[in-house]
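Here is a friendly note for a colleague opening this structure for the first time. Please keep the view open beside you as you go through the points.

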Amino acid sequence: MEKIILTGDRPTGRLHIGHYVGSLRRRVELQNSGQFDKIFIMIADAQALTDNADNPEKVRQNILEVAMDYISAGLDPEKSVLFIQSQVSELTELTFFYENLVTVQRLQRNPTVKQEMLLRGYSDDGTDNKAGIPVGFFCYPISQAADITAFKATVVPVGEDQEPMLEQTREIVRKFNATYGETLVEPAIMLPDNAACLRLPGTDGKAKMSKSLGNCIYLSDPADVVWDKVKGMYTDPQHLQVSDPGHVEGNTVFTYLDAFCKPEHFEKFRDCFVGKKVSFTFNSLDEVKDQYRKGGLGDMMIKKFLNEVLNDTLEPIRQRRHQLEQNIPYVYEVLRKGSEVARAAAAETLADVKRAMKINYFDPGVLDQLIAEQSEKYAK
Ligand code: TRP
C-alpha cells in the first residue's frame, strides 16, 4: 500500500511556534525523509468558514499567510502538494455521503467540538441567549473525514487536539467499508513524540498558544518582537531572587527549551551564560535545569539563551519568508497547481465511493447493465 500523508490548517491567522513544534516541523522531516509516496498539505479555508461565515475576508487574507509560513518553514512544493480545500469540490460531495453514516449523538460527544463550542460561545441546548451552533460547524468532523479519506491518507501528522477527528474518521471508514464494501483507507494519527511539543503553552504560561489569547510567538515575528515576547515570558513566580531555588516544571521558558533546544546550542550560545557576577558552562539542558533548581541561575540568562535558541530556528524561516513576500505570484501559482493535483486525486476516490454505493449510474458499462436489469424486470 502507498504511504500517503494528508494534513492541514485552518487559515485564520499566521502560524505560530505552537503549530511549528506541534506538527509543521514533523511534516518537513517526513517530507524530506523520502519515505512517503505522496504528501498533501491542505489550507482548510472551507473548514475555517464553518465558524467564520460572516468574515470570509479574514479567511481569504490568511490563505496567503499560511502558504508563506508553510513554504518558509520548509515544505517544498516540489515534494508536497500544497492546496486550498475549497477548490476541491469533491470533498463536499464525500462529506454529504458520509453524513449518513454518523449520528447527531456521536458528533455531540466529540470533545474537541465541545471545547470549541465553549470557546466560541455557542449555546449547547439553544435555550439561553447565546448564538446557536451552525450546522456546518457541527458537522466539520465529518468534512475532515472526507479530507483525509479523499487522499487515501495512511498517516495524518497533527496536534493532540485533532485526535477526536481521527477517531471519527476511522469510524466512518469502518462503517463505509462494512456497508458498501472495502473502499476507504483507515488513517493513523502521528503525534509529536516530545511531550513539550504536544501542547506548547502560550508565553503567558496559559494552557495553549492561541491568537485570541495574544500569547503567541509567530513564525514571521521579527527578531526584536521575539525578544520582547521572551523577556515578558512567564517563568517561576517563586523564583524571586536569583539565588532562590527555581522550578523547572510548569516554567514556560523551560518548556520552550524542551521543544526547541538542540545539543549544538550549548556550544554555539555559550556566551548567554557568561555574566558580570557569575558564569556557567553547560553542556546539556539537564545541566541548565539542575542549576536552576539549585538556585543562582537568573531568569534573564535563561531567557537570553531561549531567545538565541528560538532565533536559530526562526531566522532561516524569516529570511525565506521575506523572499516569498517579494514573490506573491509564485505562492499563488503553487496553490493553484497544487489544487489541481489534489482535485484529480480526490476525484478518483469520489469515483470509488460512488461505485461502491452503486450511484455511478452513467459510468461506462454501468448504464448498459442498468438498462438490461430494468428492462428484464418490465419484460416479465
Ligand atoms: N482541523 C484542522 C485544524 O484545526 C484543520 C484540518 C482540516 C485538518 N482538515 C484536516 C487537519 C484534515 C488534518 C487533516 O487546524
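1. First, a word on terms. A pocket here is an open set of grid points with protein on both sides within 12 Å along at least five of seven lines, and a molecule sits in a pocket if more than half of its atoms lie within 2 Å of its grid points. Please also bear in mind that the model is predicted.

2. With that in hand, where is the ligand? The ligand takes up space in the largest pocket. That pocket holds about 1,500 Å³ of space.

3. An N or O atom in the side chain of Q47 lies 2.8 Å from a nitrogen atom of the ligand. For D147, the distance from a side-chain N or O atom to a ligand nitrogen is 2.8 Å. For Q162, a side-chain N or O atom is 2.9 Å from a nitrogen atom of the ligand. As for cover, the ligand taken alone exposes 370 Å², and the protein buries 92% of that.

4. Next, the elements behind the shell.

5. Now widen the view to the lining of the largest pocket. It is made up of 48 residues, and R10, H19, E116, D161 and K208 lie nearest the centre of the pocket. By class, the lining has 16 nonpolar, 18 polar and 14 charged residues.

6. Which elements supply at least two residues each to that lining? They are β1, α1 (17-33), α6 (111-120), α8 and α10 (195-198).

7. Finally, please visit K377, which belongs to helix α17 (residues 366-379). The side chains of K377 and Q374 are joined by a polar contact of 3.1 Å. How far apart in space are K377 and C216? From C-alpha to C-alpha they are 67 Å apart, with a separation of 161 residues in sequence.

Notes: Residues are numbered from 1 along each chain as its sequence is written. This is a predicted model: local features need pLDDT of at least 70, side-chain atom pairs count only at pLDDT 80 or more; totals for chains, interfaces and linings use all residues. Side-chain values use heavy atoms; hydrogens and water are left out. A polar contact is a pair of N or O atoms within 3.5 Å; within protein, one must be able to donate a hydrogen and the other to accept it, and residues adjacent in sequence count only if both atoms are side-chain atoms. Accessible areas come from the Shrake-Rupley method with a 1.4 Å probe; for residues, only the protein chains shown count as cover. On a 1 Å grid over the protein atoms alone, a cavity is a set of points where a 1.4 Å probe fits but cannot get out, and a pocket is an open set with protein on both sides within 12 Å along at least five of seven lines; lining residues have an atom within 4 Å of a point. Grid points are joined across faces, edges and corners, and a volume is the space filled by probe spheres set on the points. Helices (H or I, at least four residues) and strands (E, at least two) are DSSP runs, numbered from the N terminus. Ala, Val, Leu, Ile, Met, Phe, Trp, Tyr, Cys and Pro count as nonpolar, Asp, Glu, Lys and Arg as charged, and the others, Gly among them, as polar.
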